[in-house]
Amino acid sequence: MEFVTQNTDKEERMEYPFQDIEKKWQKNWNDKKLFNTLDATDKKKYYVLAMFPYPSGILHCGHVSNYSISDAIARLKMMEGYNVMQPMGFDSFGMPAENYAIQNNSHPGITTEDCITAMHKQFDSLGFGLDWDREVSTCRPNYYKWGQYLFKKLYEKGLVYRKTSFQNWCESCQTVLANEQVENGHCWRCDSQVTQKELEQWYFKITEYAEELLDFSKMLDWPERVITMQKNWIGKSFGTEINFSLEGTGEPVKVFTTRPDTIFGVTFMALPPEHPYVQRWLAEDPENKALHDFCHKVINEDKIERTAENTTKEGIFSGRFCINPVNGDRVQIWVTNYVVMDYGTGAVMAVPAHDQRDFEFAKKYNLPIKIVIQNKEHDLTAETMTAAYVEPGFQVNSAQFDGMENEPAKQAITDWMQSKGMGRQTVTYRLRDWGVSRQRYWGNPIPVIYCDDCGIVLVPDKDLPVLLPSNVQVGKTTRNPLLSVPEFVNTTCPQCRKAARRETDTMDTFVDSSWYFARYADPKNDNEPFNKDKANYWLPVDQYIGGIEHAVMHLLYARFIHKFMRDLCWVKCDEPFARLLTQGMVTKDGAKMSKSKGNVVDPKYIIDRFGADTLRVFLLFASPPEKDSEWSDDGVMGAFRFLNRVWRLIETNLDALKRGMQLNANIEDVSPAMKDLLFSSHNTTKKWLEDSIHRMQYNTAIAAIMEHLNHCVAVKEPEALNDADLAVYAEACGIIPQLLYPFAPHIAEELWQMLGFEGMVHSGGLPGYEERYLVRDRINYVIQINGKVRGKMEIAPDTAEDKIRELALEVDNVKKTIEGKTIHKVIVIPGKMVSIAIS
RNA sequence: GCGAAAGUGGCGGAAUUGGCAGACGCGCUGGACUUAGGAUCCAGUAGGUGCAAACCUGUAGGGGUUCAAGUCCCCUCUUUCGCACCA
């Protein structure tokens, strides 16, 4: 179903005037600078941040959903009296802008600014409480200057280095990708196949922080899922480094193993073709064609393909041997495709009896299998095994360790080797350093100059930022675009003044987004990245909100850079994001909205026809924030009907309500029906507080308002109520604007004003409830017999337990059911139920 | 393969601590009002049997603990996500 465009006949349709209301309050908030937050260091702060968008030009429903959540939180915190900051900006460097510019023969700088303007307008039309005075856009020189400064600081602290190696290469994006940015062998952004290419590039030593990045204790509330993903990614494993030595030269060959207990079972050594020793043997032995061919083949194989699990293990005997330090065994060295150079020490001691990969390899090439861990039955034999034995067992063929259980033997053997200088206990991580060079134009230039005499020279602070030139012919070449700008490339060496060249790679855009949350604290600072006091007032972000797709990449990089900034004493806290909410995406027809699937809903359409409040209520009501939610045109109508019902309730009864608010209810005079409504007011408020503030489950908070609204609407002819009843009624309707405010702020402000309350809704504080109104005269008890509901009764709350038991057995249907049966047990759950067990 | 999360009406979802399963919304059915609307109001809506009272079945499937299980335990299946020759 498609919505027809603008309906002008509002009166007749009895729709509330959402357009006027939304425009009015957006202007009002703006005029009052309600969301332009001051750095009021004497006030308790609350920093709400939703991940900033890439300026694609249109906000889609996923964005709206995301920012509706953060705005709800921000407004709730405003009601609570916090000094709330909710900034917004744009992650505006990156490939899409560059590609778009190539296609349309324009310039990414221009298209990006146009997109930002367009999106800014859309943000305004949604009425989010954003502090635009703090806007940050990563492609603007006043921002990226400090990214370059940060790069220099990292370099000065020895956390940046250059390395040539095989890199993940995306042909379609024409650039290198970090390991985190490769998903199942495909590019995280464009999904095309990733290949390997040898390149020299810049790395950040994120591995220096690996240990600290594993400490999640400073996170108050991070989803376990995200923590697990990061832990897996960092991949810490404890083990032992063992020094084998090359036969002949005696040079060390270090291996890393998590199974030192199997050291006596080593029957060969496995090295990757990239291993320096292998490379040396190739050079020394140009005649060994078989070895050359094999190494050449494996090195040029796709790395992703090569490390896939189902790839067959292959190898070739190198002709060399090494010596096992524990027993002097002479061990063949094989060059294989299943060992990778960049994990551990890049060398594996192969124990076919107790490692499945080694087992398969040994079977294929007829290498010996030596059992050193026996099972309980002691019936393992090398001849009869069909798979490696990896279960716990007892040491055999292991010299003085024979008979020990293998688990304690790990430590014993490691200790013994350590004392003999054969090895040492060590820790290895799966995490690799972060490759940050990108061979693209639309990114932050790396502030480095290459001088023939002086080598790598950093651009001096006074020359920052290295401005990204605008006269670049994008898309004219497959080479790095900045290479084609001579006036950019050619410069003079800051040290010796001779001609020199600039670095033409730009930084990964994840660098830009790794510190923006701190820049929001002081976005206009031209003298430093940000003022420390301001940053320390605002940081950490109290509530961060974003998609699960950033669980590893962005969130790990940002934590790393934040810790680095802490080590520079720029910030004090250890973690940038105290609480994290990973919101679900908005799907349509069960799939993520995307242009290619043709299932995109343009929020503008909904806002024009039903209003921003309706859209926000719909999105928040659809499901809990962290779950995906399915778009539904009918659901939007439901939200719209709800707001119309609220509007009608208050507008049509406005006189009575205003009168009722002046009255004091004497509880004695309130009729039973109105006592129920009084209960609803306080009970709803209680549930609303619990759901919205404590549980952050806005769908049920909204459901509670709807339920309460149904109770209010059920009151007919309120103007005819007596004073006590009218006072109760006025209170019941009067709390609705506050309850609605975080989710539908425009209509909430309008109703608040209509009802004659002072100031704006948030200044009224959080709504409160009184326990005394939650006490009921009569309580509903359910009577269960053998677990089935067989009766109900209404009794006074202070009824004694014996009496309750007695009454329950008197209920008609209960009497009938227990007739002629033996009662074993009667359990009373105070305030709830009576449970009877019969035979 | 390893790890994690999830599975509830026609649909989105609720049930917060083991205590009336299906709140709330959508959709649907019937009715009212009509200036015929994507409006409003009333009633109904898990499935089944029944005139009704009421009864039976039911939270992926199977077992268990308990007076009481969507919730706790064991097994199986399915889906989603993450990791995956990591030594």
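## A tour by selection

In this predicted model, begin with the centres of domain 2 and domain 3, which, taken over C-alpha atoms, are separated by 72 Å. To place them, colour chain A by its division into domain 1 (148-205 + 433-510), domain 2 (237-425), domain 3 (631-774) and domain 4 (779-838).

Next, select N375, which is found in the loop between strand 16 (373-374) and strand 17 (394-395). Is N375 buried or exposed? Its relative accessible area is 9%, and since buried means under 20%, N375 counts as buried. Showing its side chain, you will find that it reaches the backbone nitrogen of H378 at 2.7 Å, and that it also makes a polar contact with the side chain of D379, at 2.8 Å. If neighbours within four places in sequence are set aside, N375 is in contact with L380, Y389 and F394.

Now turn to the aromatic rings, of which the structure holds 51 pairs. Select W434 and Y557, whose rings form a stacked pair, 3.7 Å centre to centre with 10° between the planes. This pair links distant parts of the chain, since W434 belongs to strand 19 (residues 434-435) and Y557 to helix 18 (residues 553-567), 123 residues apart. Both W434 and Y557 are buried. For a contrasting geometry, select F610 and F640: the ring centres are 4.9 Å apart and the planes stand at 70°, so this pair is edge-to-face. Because F610 lies in helix 19 (residues 603-610) and F640 in helix 21 (residues 633-652), the pair ties together parts that are 30 residues apart in sequence. F610 and F640 are both buried.

Select W169 and K197, where K197 lies over the face of W169 at 3.9 Å from the ring centre; then select F321 and R330, where the charged end of R330 sits over the ring of F321, 3.7 Å from its centre.

Finally, select helix 3 (residues 61-79), whose 19 residues, at 1.5 Å a residue, should span 27 Å; the C-alpha atoms at its ends are 26 Å apart, which agrees. Helix 3 is mostly covered, with 19 of its 19 residues buried. Following helix 3 you will come to G81, which has a positive phi, near 95°.

Definitions and conventions. Residues numbered from 1 in each chain as written. Chains lettered and ligands numbered in written order. Predicted model: local features only at pLDDT ≥ 70, side-chain atom pairs only at ≥ 80, totals over all residues. Heavy atoms only, no water. Phe/Tyr/Trp six-rings, centres within 6.5 Å; stacked < 30°, edge-to-face > 60°. Helix = DSSP H or I, 4+ residues; strand = E, 2+ residues; numbered from the N terminus. Buried < 20%, exposed > 50% of the residue type's maximum accessible area, 1.4 Å probe, protein only. Lys NZ or Arg CZ within 6 Å of the ring centre and 35° of its normal. Expected span 1.5 Å × (residues − 1). Domains from an automatic or database assignment. Polar contact = N/O pair within 3.5 Å; in protein donor to acceptor, adjacent residues only side chain to side chain. Contact = heavy atoms within 4.5 Å.
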